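Open the model in your viewer and switch to cartoon view. We will go strand by strand, then look inside.

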Amino acid sequence: MKKLATLLLLMIFCTTNAQGLDFGLKLGFNFANVSGIEDFEQRTGLSAGLFAGARLGDKLGFQVDALYSQQGAEVGATYSDIVQDFNLDYISIPVVLKYYITDNLNIHAGPQLGILLNDETSVVGQVFDNIEADTVDWLGTLGLGLDLPLGLRAEARYSFGLTRVNGSVSIPSLPTIQEGRTQMTTLSIGYSWL
């Protein structure tokens with residue numbers, strides 16, 4: 001947590017000397033899963049929030065997001081008559097360094113911190129909210145971004161768990177998940193008014 005705070009402060013400091021400031025809103029969809037059980041399938045969820053960033057020259061830039069992010073997984077056919085879904089909702093804070101291939105197209109990578117807001121699953125119509133997911137989830141993020149006219153932005157990202165989402169999640173009628181890690185693709189659009 002201290003490392004992320006230091007990185008954020010450094011980026012804010014760099015912003016004072018940076019060019020091409022960006023600040024705006026993002027909206028998109030997560031296509032998420034949790035490794036650990038073969039029968040988990042992709043959960044489609046919302047990703048929405050704010051972004052801020054800057055160009056640090058012709059080729060480099062950075063971006064920090066603060067997003068509400070719906071993650072987790074859907075449960076496959078083997079358990080579909082028992083469990084409907086496995087929901088993990090986070091405040092996600094990705095911090096990415098951008099490399100501009102052209103003036104408008106960039107590739108980016110960096111860490112992402114997820115702060116747990118909600119962890120629940122529904123089992124035969126009954127909702128359980130005590131599945132003991134960890135309160136912090138660290139991910140690595142790789143992405144492709146496109147700066148469009150009129151302040152519009154488009155991004156595609158793949159995020160992968162660096163830490164487990166759980167110590168040992170126990171869902172009634174399912175095997176215990178021992179190595180659950182987030183796997184997620186996010187497609188989003190944004191609008192910058194700076």
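Which residue stands opposite glycine 140 in S9? Select phenylalanine 160: that is the residue opposite glycine 140. Before going on, note that this is a predicted model, in which local features need pLDDT of at least 70, side-chain atom pairs count only at pLDDT 80 or more, and totals for chains, interfaces and linings use all residues. Residues are numbered from 1 along each chain as its sequence is written, and side-chain values use heavy atoms, with hydrogens and water left out.

**Stop 1: S8 and S9**

Select residues 136-147 for strand S8. Strands here are DSSP runs (E, at least two residues), numbered from the N terminus. S8 and S9 pair in the antiparallel sense over nine bridges. Two strands pair if DSSP finds at least two bridges between them. Their hairpin has four residues between the strands. Click leucine 150 in this hairpin: its phi is positive, near 65°.

**Stop 2: S9 and S10**

Now select residues 152-161, strand S9. Nine bridges join S9 to S10, and the two run antiparallel. Return to phenylalanine 160: in S10 it stands opposite glutamine 183. Arginine 153 has glycine 190 as its bridge partner in S10.

Colour the two faces of S9. Arg153, Glu155, Arg157, Ser159 and Gly161 form the covered face. Leu152, Ala154, Ala156, Tyr158 and Phe160 form the uncovered one.

Do likewise for S10, residues 182-192. Its covered face includes Met184, Thr186 and Ser188. Its uncovered face includes Leu187, Ile189 and Tyr191.

**Stop 3: the cavities**

How many cavities of 30 Å³ or more does a search of the whole structure find? There are two. A cavity is a set of points, on a 1 Å grid over the protein atoms alone, where a 1.4 Å probe fits but cannot get out; lining residues have an atom within 4 Å of a point.

The largest cavity holds about 130 Å³ of space. A volume is the space filled by probe spheres set on the points. Select Ser47, Leu67, Gln112, Arg157 and Thr186: of the 15 lining residues, these lie nearest the centre. The lining divides into three nonpolar, nine polar and three charged residues.

The second largest cavity has a volume of about 40 Å³. Among its lining residues are Lys26, Phe51, Gln63, Arg153 and Gly190. S9 and S10 are the elements that give two or more residues to this lining.

Conventions:
Buried < 20%, exposed > 50% of the residue type's maximum accessible area, 1.4 Å probe, protein only. 1 Å grid on protein atoms, 1.4 Å probe; cavity = no way out; pocket = protein on both sides within 12 Å on 5 of 7 lines; lining within 4 Å. Nonpolar A, V, L, I, M, F, W, Y, C, P; charged D, E, K, R; others polar.
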